[in-house]
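User: I would like to go through the aromatic residues and the nonpolar core of this model. Could you show the structure to begin?
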Amino acid sequence: MPELATIDDAERRRIVHEFVDETVGDANPEVVAMVRDLTHRVRDTVELARAAGIAPESARAGHVVAALVAAYGEVFGRADEAGYRSTLLTRLEVANDPRTERYFQLLATVNGWTPPPTLTPVLNWFITALHHHPTP
């Protein structure tokens, strides 16, 4: 599976777009576009935070978490509050399960798609940050 750090941004975007289109392409095109954009926004934001040396348990990470939760809230019509952060944390933990990633790898292989790049490092950081910043 391609690693995020070893492929250029254009290739990452192409792979994510292709994968989202193939897996949820039958959904409303606006929803597909929002999911695709949210995936990029989370990845880009967390990668910048990690590159800047922002530890997920730090106060600075709290600002990153607030921005990301707000982005999720825009897409899913939710306000940033403790209950939503808890729900989001659960969803991210499920998405970050190695079995989930393996499922999508196999799905891509069976269907002849390019496997999506791993989001494990991004999700690990975001999950840890949400554990340390459970309230707005």
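Analyst: This is a predicted model. In it, Tyr72, Phe76 and Phe126 form one aromatic cluster.

User: How many aromatic pairs are there by this rule?
Analyst: The count comes to three aromatic pairs. One of them joins tyrosine 72 and phenylalanine 76, with 6.3 Å centre to centre and 25° between the planes. This pair is stacked, because planes under 30 degrees apart count as such.

User: Where do tyrosine 72 and phenylalanine 76 sit in helix α3?
Analyst: They are four residues apart in helix α3, so about one helical turn separates them.

User: Is tyrosine 72 buried or exposed?
Analyst: Tyrosine 72 counts as buried, at 13% relative accessibility. Phenylalanine 76 is partly exposed, with a relative accessible area of 42%.

User: What about tyrosine 103 and phenylalanine 104?
Analyst: Tyrosine 103 and phenylalanine 104 form an edge-to-face pair, at 5.2 Å centre to centre and 70° between the planes. Tyrosine 103 is partly exposed at 47% relative accessibility, and phenylalanine 104 is partly exposed at 29%.

User: Turning to the core, which residues touch the most other members?
Analyst: The largest nonpolar core has 23 residues, of which Val42, Tyr72, Leu92, Trp125, Phe126 and Leu130 touch the most other members. The elements giving two or more residues to this core are α2 (29–51), α3 (59–76), α4 (82–95) and α6 (120–132).

User: And what does leucine 130 touch?
Analyst: Leaving aside residues up to four places away in sequence, leucine 130 touches Val65, Val69, Arg85, Leu88, Leu89 and Leu92.

Conventions
Residues are numbered from 1 along each chain as its sequence is written. This is a predicted model: local features need pLDDT of at least 70, side-chain atom pairs count only at pLDDT 80 or more; totals for chains, interfaces and linings use all residues. Side-chain values use heavy atoms; hydrogens and water are left out. A nonpolar core is a set of buried Ala, Val, Leu, Ile, Met, Phe, Trp, Tyr and Cys residues joined through side-chain atoms within 4.5 Å. Buried means under 20% relative accessible area, exposed over 50%, partly exposed in between (1.4 Å probe, protein chains only). Contact means heavy atoms within 4.5 Å. Rings of Phe, Tyr and Trp (its six-membered ring) pair if their centres lie within 6.5 Å; planes under 30 degrees apart count as stacked, over 60 as edge-to-face and the rest as tilted.
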